[in-house]
Amino acid sequence: MRAARRTGGLQRKFVVALLIVGIVPGMVALWATYHSSTASLKEAIGEGFQEIARSTSIRLAGAVDEEIDRAGRLAHSVAAQQASNLSNHTDRNQTGTIRSHPPPRPVNNPVTAAFLDAWARESRHYLRVTVADRQGLVIASTDRNLPAQQADQTWWREAMQAQPGTAYVSTVTHDPAINDAIFHVAVPMVEKAGGAVTGAVDLVIRHNLLTQLILPIQIGNTGHAMLLDTQGTPLICPVLPPTAHLIPSNLMNRLALDHPLWLVADDDAHGGRDAIVGASPVRFSHPLTPSSLDGSRWYAFVRQAPEETYAPIYSLLLSVGVIGFGLVIALSMFGFMVGYRIVKPLTALQREAEALRLTLATPQADHTVPLVTAPLPREYRTGDEIEDLATTFSAMRAVLEENLRTIRSQQHELIRQEKLASVGQLLAALAHDLRNPLGVIRSSAQVVLEGPQEEAIRHEMARYIIDEVDKLSQRLHDFLRYARQKPPDWADWAAEDVIRAALKQWEAQGGHDRIRVEHRFEPNLPLIRIDPEQIKEALMNVLINAREAMAEGGTLMVATRSGEGNTVEINVTDTGNGISPDHLGRIFEPFFTTKTYGTGLGLTNVKRLVEDNQGTLMVNSTIGKGTTFTLRFRPAEAG
């Protein structure tokens, strides 16, 4: 059956090929550009955040270092004042020894307190300025309500234990008395002469000293800076209160390094996922005591909401997508147009080829076909190899049509001559097969007419006449079967039943006294769809040939079995003389026979009957051993 006509296949393949060749590299390039640009953009943003964190940490360290310097200068001034007061309270006795009088109680010392008030007014960030001696007693303070004893305070202990030039800086804590966050900067007071620590100076500084350095840092609408300690506690955050969030430990482990950096955080403690953050340690120029900052370090931390950070990346992705989609559309349109120009003439050629096929397949009543002499259609004029192909095809079609006209004329003449030859051959064979029986009948009738004969002779003559009439009838039957072909009358039958019916009819003819018949029927074989009368007739011809091949007796084996390709086989095997290899290839030819009698149409009819029933016929023969005929049919359920 002819396959269904495909439309648009070549054009579709051309478009797909063009898309693959053009778009895949383009998309790969766009993908690489996007990822490279995204990586570069992330790096640029991250380095920007890192630089902001670094500069913030420098300003924070500078602000604290400046307060440490101010505290040191104050400590130096107070120490000098203490030395002066001490010299005012000493005199010499008569023996020339120096006697020291105890100084007055230092709390609310009018000279020192007034000095501290004036000094503290220089900065609006101080909550309290306190000076204490080596016993922890307050020498002077801007807070008149401060307890006189400060020896139990961390700032005093740290300052008294600090090495000269070392300061104590506390972490930022919340003071409930003023409802504000503060931190301490304390330094020791050192004698100029002996270098002994005589007391400590403490500055209590409001956290707005640090906040004013962090709040102005704004990155877009959501970006800001923070001050963290090593535990991840937000000491200063302009967005959330310190108690509302805590930097995750895994993030702190990544950013708690000794140098500025940027990274992508899974969680930035502000609800951002995959956020770009920058961080930098706050490094003070003054050495601090080990307990400063609660044993931690400060870090400047910069973050921004990922939605805002990645907005340029999303914009880049959108641009890349639009460019890629536009490229796909442009290439698709270009491929469609180019494919159309290529496929259109090919489609026209295909129509011409289809018309030529129909011309070749359709018989012409007048045995003539008009030639194509018109110029090429406009759709063929492409100016390239396709136009050359169309020109060649048109010329080829003209030649083919001319040859077809000649071939059809010759074909009809050959058919006529073949029919005449077949009729002549058929009549010659028929005349040959009729001549001998008619001669025997005439001779037998002549004997009867010559006069009275004995009863035995009359019976013998009558038998001759009957046998010869039967031969004539069989010959006429073979000729009629060969000349007239009746279509099968389909029915589902078991192969074993058809064989048994043919054997029964064969045995009724007699002449098998010295032949032993054996059966081998395979059980549970499927039914076969055949015309049982036609197949029984074919089997009868095969069985008659087997009987004639075993004139001296032998064994006839009939069998059924499963064949190749889910078929059912019927095998008829004799132990006769066999067929010569020279004759084996011609046994199915009409009128071919090696016998002194017969039409040579028996096996011809067998082959045609089997093939009319959609079966196949095969024969294997060995000289002196016998012959096997195999009839193979498809099961009924296979159609």
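Start by selecting Ser-141: leaving aside neighbours within four places in sequence, Ser-141 is in contact (heavy atoms within 4.5 Å) with Leu-116, Arg-128, Val-129, Thr-130 and Leu-146. This is a predicted model, in which local features need pLDDT of at least 70 and side-chain atom pairs count only at pLDDT 80 or more, while totals for chains, interfaces and linings use all residues. Residues are numbered from 1 along each chain as its sequence is written, and side-chain values use heavy atoms, with hydrogens and water left out.

**Around Ser-141**

Colour strand β4 (residues 138-141), where Ser-141 is found; strands are DSSP runs of E, at least two residues, and helices are runs of H or I, at least four, both numbered from the N terminus. Is Ser-141 buried or exposed? Ser-141 is buried, with a relative accessible area of 7%; buried means under 20%, exposed over 50% and partly exposed in between, with a 1.4 Å probe and protein chains only.

Now show the side chains. Ser-141 and Thr-130 are joined by a side-chain polar contact of 3.2 Å. Look also at Val-129, whose backbone oxygen lies 3.4 Å from a polar atom of the Ser-141 side chain. (A polar contact is a pair of N or O atoms within 3.5 Å; within protein, one must be able to donate a hydrogen and the other to accept it, and residues adjacent in sequence count only if both atoms are side-chain atoms.)

**On to the cores**

Next, pick Leu-203, Leu-210, Leu-227 and Trp-298, which touch the most other members of the largest nonpolar core, a set of 53 residues. Such a core consists of buried Ala, Val, Leu, Ile, Met, Phe, Trp, Tyr and Cys residues joined through side-chain atoms within 4.5 Å. Helix α1 (residues 9-88) supplies the largest share of this core, 15 residues. Centre on Leu-227: beyond four places in sequence, its contacts include Leu-60, Ile-214, Pro-234, Val-282 and Tyr-299. Another core, of 34 residues, lies apart from the largest one; Ile-499, Leu-609, Val-610 and Leu-617 are among its members.

**Colour by confidence**

Switch to pLDDT, the predictor's confidence in each residue, from 0 to 100. The chain has a mean of 80, and 80% of its residues reach 70 or more. Which elements have the lowest and the highest mean pLDDT? Strand β2 (residues 98-100) is the lowest at 35, and strand β5 (residues 168-169) the highest at 96. Select residues 89-111, where the pLDDT is below 50; this stretch has 27 contacts in the model beyond near neighbours in sequence.

**Zoom out**

Of its 639 residues, 39% are buried.
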